[in-house]
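I opened the file and kept a running notebook. The entries are in the order I looked things up.

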Amino acid sequence: MMLQLYRKILAHILGIVILGTSATVNAQPSSAAAHVGVRPPAARAERIPAGRAGHVWAPGYWGWNGRAHVWFGGHWEAERPGFRFIPASWVWVGGEWVFYPGYWDAVAPVVIVQPAPTEYIEQEPVAGPPDLDPNYWYYCRDPAGYYPYVQNCVAWQQVTPVPQ
């Protein structure tokens, strides 16, 4: 009975040593800690305890002790302002399973760029034909064109619109 307990404790310690740095001290993506040909078992269902202020839950994961997968239960990590916790994971790469321990990843700051305010330029009102009568069109010979397309003219000609 005691021998089994010692084996479990030794497996846990070996798992920590093999997996490298603990997830609580990594502040950037970790390099792969284990390359194995054996697929890890499905994650165990864990009962997550009630939340703790200032902490985030680091879910349990299957580690590798050199011969077999070993389960490491989830735990609370002290929150790190400006970082988010990335859980441990196994990834299939080049014909083998690669283990990446959990780590803290810096969160990019939110940058809000305000657009420049729109500038409005008030223009002087255009001088159209004098005594503008809405029942007529106004034509200018030099430059050739109708009001409002031609806005400045020396001699406007009043034209009666003809429906076509």
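**Overall.** I am working on a predicted model. I looked up the secondary structure and found one helix and twelve strands. I checked burial next: 25% of the 164 residues are buried. I then took the contacts with a separation of 6 or more, and 50% of them join residues 24 or more positions apart.

**Cores.** Which residues make up the largest nonpolar core? I listed ten: A33, A34, V36, W62, W64, W71, A88, W90, W97 and F99. At least two of its residues come from each of β1 (34-36), β3 (61-64) and β8 (96-100). There is also a second, separate core of five residues, and Y138, C140, V150 and W156 are among them. I noted the background: nonpolar side chains tend to be buried together in soluble globular proteins.

**Surface.** I searched for nonpolar patches. W137, Y146 and Y149 make one of about 420 Å². I located Y149 in the loop between β11 (144-146) and β12 (156-159). Is Y149 buried or exposed? Its relative accessibility is 74%, over the 50% cut-off, so I logged Y149 as exposed.

**A loop asparagine.** I moved on to N65, in the loop between β3 and β4 (69-72). Its relative accessible area is 14%, which is under 20%, so N65 counts as buried. What does its side chain reach? I found the backbone nitrogen of A68 at 2.8 Å. A polar atom of the N65 side chain also lies 2.9 Å from the backbone nitrogen of R67.

**Salt bridge.** How many salt bridges are there? I counted one. R84 pairs with D105, and their closest N and O atoms are 3.3 Å apart. I traced both ends: R84 is in strand β6 (residues 83-86) and D105 in strand β9 (residues 103-106). The two residues are 21 residues apart, so I noted a link between distant parts of the chain. At 46% it falls between the 20% and 50% cut-offs, so R84 is partly exposed.

Methods:
Residues are numbered from 1 along each chain as its sequence is written. This is a predicted model: local features need pLDDT of at least 70, side-chain atom pairs count only at pLDDT 80 or more; totals for chains, interfaces and linings use all residues. Side-chain values use heavy atoms; hydrogens and water are left out. A nonpolar core is a set of buried Ala, Val, Leu, Ile, Met, Phe, Trp, Tyr and Cys residues joined through side-chain atoms within 4.5 Å. Buried means under 20% relative accessible area, exposed over 50%, partly exposed in between (1.4 Å probe, protein chains only). Helices (H or I, at least four residues) and strands (E, at least two) are DSSP runs, numbered from the N terminus. Patches are made of residues with over 30% relative accessible area and no salt bridge: like charges are joined within 9 Å, nonpolar side chains (Val, Leu, Ile, Met, Phe, Trp, Tyr) within 5 Å. Accessible areas come from the Shrake-Rupley method with a 1.4 Å probe; for residues, only the protein chains shown count as cover. A salt bridge is a side-chain nitrogen of Lys or Arg within 4 Å of a carboxyl oxygen of Asp or Glu. A polar contact is a pair of N or O atoms within 3.5 Å; within protein, one must be able to donate a hydrogen and the other to accept it, and residues adjacent in sequence count only if both atoms are side-chain atoms. Contact means heavy atoms within 4.5 Å.
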